[in-house]
Protein chains: 2
Amino acid sequence: MNGDTLSIRRVGIDTWRESVAFLHRECPVVRAAGFQALSKVKVQANGQVLFAVLNVVDDAAIVGPLELGLSEDAFTRLGVAPGHAARIDQAEPPSSIAALHRKIAGERLGREDLRAVVQDIAAARYSKIELAAFVVATNQFELDRDEVLHLTEAMIGVGRRLDWRAELGGGPVVDKHCIGGIPGNRTSMLVVPIVAAHGMRCPKTSSRAITSPAGTADTMEVLAEVELPLQRLQEIVRATHGCLAWGGTADLSPADDILISVERPLAIDSPGQMVASILSKKIAAGSTHLVLDIPVGPTAKVRSMPAAQRLKRLFEVVASRLGLQLDAVITDGREPIGRGIGPVLEARDVMQVLQNHPDAPQDLRQKSLRLAGRVIEFDPDVRGGEGYRIARDILDSGRALASMNAIIDAQGRRAVPPPPGDKLFDVLAPSDGVVVGIDNLRLARIARLSGAPQVPGAGVDLRVKLGQAVKAGDPLYRLHARFEADFSFACRMAQQDSGYRLGSADQVPREFATETF
Amino acid sequence: MNGDTLSIRRVGIDTWRESVAFLHRECPVVRAAGFQALSKVKVQANGQVLFAVLNVVDDAAIVGPLELGLSEDAFTRLGVAPGHAARIDQAEPPSSIAALHRKIAGERLGREDLRAVVQDIAAARYSKIELAAFVVATNQFELDRDEVLHLTEAMIGVGRRLDWRAELGGGPVVDKHCIGGIPGNRTSMLVVPIVAAHGMRCPKTSSRAITSPAGTADTMEVLAEVELPLQRLQEIVRATHGCLAWGGTADLSPADDILISVERPLAIDSPGQMVASILSKKIAAGSTHLVLDIPVGPTAKVRSMPAAQRLKRLFEVVASRLGLQLDAVITDGREPIGRGIGPVLEARDVMQVLQNHPDAPQDLRQKSLRLAGRVIEFDPDVRGGEGYRIARDILDSGRALASMNAIIDAQGRRAVPPPPGDKLFDVLAPSDGVVVGIDNLRLARIARLSGAPQVPGAGVDLRVKLGQAVKAGDPLYRLHARFEADFSFACRMAQQDSGYRLGSADQVPREFATETF
């Protein structure tokens, strides 16, 4: 719309996955074109093109009238040096916005529609408002199986894709993933060394915590380096059969990475979006075989067996059409797994299980053995039903510990692991009773407020679990924090509502998952 | 969460109805609390409280590590001077977010739910993402009549409410409103002087254009001052019975004003939101009787008679439960009304009708007379069916013109009205034929690109309307612009697609609205 040339300026504001252009209110382009705050604009410089949302600025110290300010995200994405000439035009709406509107109106979208939407999302052409509209619309008019398949394919299509078989030779590349929502559920750190010890390749990449008090990458980081270049990872997997690294998902599924930036604040995680998000990242990461953990419980992400089974079938259908071998397992999600919640405390639980320590949490041990057994049964030489026994033998014999130590050493052992937080507060039972409820969400929240995962030693250490009897004044759990501000806030939240419910033995909720492993 | 005290700094960025807090990445509060970009934070200073979305800044020239930067919106809302101490805490989510999630999940919301949502929206506690989620969710799971009523009541409840009767004595306070979408539809500027000349009180407040090339306030501003304090308006209405002023909707319906900031970029205008938005503003503005114009046509907001009738009934039900006398009229929305599109050109049309000028556009005259007649029939002394004749007598006798001149003088006549844009381009018929379609959206878009409403003289002047025959090379319409950049862009868009369709006489779409006035 205008030939006017502006000078690029980097504006040090982190707009979190949204490209923002800052123009001064007196900028001639703004005045002539009648750009308004939140208009979409097209930035062109040095042959590069960027779509951004406009913020109007009244302070020449941020951008002058002849400058084009770019947020950190926008600046990085455009990749042109400060001071370079740029022009700015009114942006046509992204071509897929018509498809977005059809979805908002309740229509089914086809393969090409979803490809166009995902390409525009990955290219950062959607504003936060449009992203939120897509997330809510696909949450409400549930995506059908074909739509989920096409969304998943489209997400794979815009990202980078790893192929371990080229590097490591043929045969399965196994993985294990949980849909999330259960604090302390660090089974990956046991499954990987067990199946690696069995000789399967398991190049596990994990995320850091988004809304939880610890992701697998945060917990592993207590023990070893996790930010490793791809080539190092390949060497480590060749040497040890496994790794436990941070995934850096932005490369593998850039559209998902952007969608998460609005799903997280909205706390929306619809089945279709969950399936597309998880399967796109697993396939992009080069997995051929996946065991999927779907916990079900009153405060888990999935809250009834029918819902869990619908989700399982959706995962199975889409995985099968994408050629991924999937074994989806519905598990007990009534309460946190293990004792610790927070990176350091969870790493302690994991190491106790590997060391066959008498204090090792048995629920974490049992669940990990069962999941590892299911992975081992992907081995064509293992008979159905034999996996669990093989996994248990590997763990009991110390071979899993040896495998874990090899992986830790290969990734780079941390000389001095961070200590547990030394500000301690015991949350006590207000009365005699049996533990009849532990709210996963509340415990996760309290652990986060105590500082986890940014403060690795912060979190919650559970003393009693479902079905156990306590006397008034017995500790339910212990808070660990490092900073006074976190500590007092977390204590206050725990005192308002500890997340524990006490009652009588007959009130303990039964395990939903009846499936045997 | 933290007692840490920061110093307030005004950051001159216009975030358009969203309160944004800028904190430096090295700010101790950010580090200790693990705030992330887009976290919601609670700002407290000098007894005031503000909720804001956090942006993390890496440039100390924007905010230093011990400063709390506030966007223009946030700064104005908080109302505390720069340099004042402030503390910042993690914000609890707004209490109504649970209701938002229930709406996203498809549930009905009750009166208290909607009141809580609207209060949180009006208090700027919702992020743009949450606003978009609310707008999409209420668009998809259509609000039922009770929900629309409760949403409307809640919107009225959070705003300021005018009561003209206290100022002007008893009797009806009449108003006329159109749901929008039809370019050139400036009937208010004729209805107000006609009904004022009849002796009814019509304190009309209008909006400026949001997505259209001209709002009534923009067009009236060509002739007179429109930004008038309330007390002046009351004096003007006492003296002339009418006014045509800018409404400054933010005061009357602050929640609506904020919702529009996401409805506009999403182009969502669902029936429930439309009814709540319009009726809340009319009731807040003190109207007791309202004639509502619902145009229907292939490129109007409402595209079928069944949809128009559903919308009409929804307006009627909600208005009746709120004690507003409503007469909703379904009108012909197949094409723009009058000739001009853009403030100066529309003002010319209006004045030609008032002056009984031989060139006056007859469609604008007829529609205005019919709507004015319906308003006049709110007068208990007027018999049903007599309104149109009374309105026509007032217009033909010159009393409407005299009434308009009195209003213009009272508001403050503009000595030198802005001229029509002098960069001219005639869009020509590509072939012989009859005009069988004029796309309201396309014409509005082209008029906007030519500079309207920011450039009052810019816009489009239609030469032929539906059903008229043209020869190849005859002008369809003339573009007016002031600035070269606007001009060339608008010409290009008009050449790509003029918005006119030519065909044969039998292809002219029939008028949908069969209702007689």
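Start inside the largest cavity: its lining divides into 8 nonpolar, 2 polar and 4 charged residues. Keep in mind as you click around that this is a predicted model.

**Stop 1: the largest cavity**

Select Glu18(A), Ser19(A), Ala124(A), Tyr126(A) and Ser127(A). Of the 14 residues that line this cavity, these lie nearest its centre. Now colour β5 (48-57) and α5 (128-140) of chain A, the elements that give two or more residues each to the lining. β5(A) has the largest share, with 3 residues. The space itself has a volume of about 80 Å³.

**Stop 2: over to chain B**

Strand β5 of chain B (residues 48-57) gives the most here, with 3 residues.

**Stop 3: a lysine in a helix**

Go back to chain A and pick helix α3 (residues 97-104), then zoom in on Lys103(A). Is this lysine buried or exposed? Lys103(A) has a relative accessible area of 2%, so it counts as buried. Show side chains and you'll see what Lys103(A) has for a partner: its side chain makes a polar contact with the side chain of Glu147(A), at 2.9 Å.

**Stop 4: an asparagine in α5**

Next, select Asn139(A), which sits in helix α5 of chain A. Its relative accessible area is 19%, and because the cut-off for buried is under 20%, Asn139(A) still counts as buried. What does Asn139(A) contact beyond its neighbours within four places in sequence? In chain A, look for Ile268(A), Ser270(A) and Gln273(A); from chain B, Ile104(B) is in contact too.

**Stop 5: the nonpolar core**

Last, turn to the largest nonpolar core, which has 110 residues. Select Ile294(A), Phe315(A), Ile294(B) and Phe315(B), the residues with the most contacts inside it. Then centre on Ile294(B) and bring up what surrounds it, skipping residues up to four places away in sequence. Ile294(B) touches Ile179(B) and Val302(B), then Ala308(B), Leu311(B), Lys312(B) and Phe315(B), as well as Ala328(B), Val329(B), Ile330(B) and Thr331(B).

How values were computed. Residues are numbered from 1 along each chain as its sequence is written. Chains are lettered from A and ligands numbered from 1 in the order in which they are written. This is a predicted model: local features need pLDDT of at least 70, side-chain atom pairs count only at pLDDT 80 or more; totals for chains, interfaces and linings use all residues. Side-chain values use heavy atoms; hydrogens and water are left out. On a 1 Å grid over the protein atoms alone, a cavity is a set of points where a 1.4 Å probe fits but cannot get out, and a pocket is an open set with protein on both sides within 12 Å along at least five of seven lines; lining residues have an atom within 4 Å of a point. Grid points are joined across faces, edges and corners, and a volume is the space filled by probe spheres set on the points. Helices (H or I, at least four residues) and strands (E, at least two) are DSSP runs, numbered from the N terminus. Ala, Val, Leu, Ile, Met, Phe, Trp, Tyr, Cys and Pro count as nonpolar, Asp, Glu, Lys and Arg as charged, and the others, Gly among them, as polar. Buried means under 20% relative accessible area, exposed over 50%, partly exposed in between (1.4 Å probe, protein chains only). A polar contact is a pair of N or O atoms within 3.5 Å; within protein, one must be able to donate a hydrogen and the other to accept it, and residues adjacent in sequence count only if both atoms are side-chain atoms. A nonpolar core is a set of buried Ala, Val, Leu, Ile, Met, Phe, Trp, Tyr and Cys residues joined through side-chain atoms within 4.5 Å. Contact means heavy atoms within 4.5 Å.
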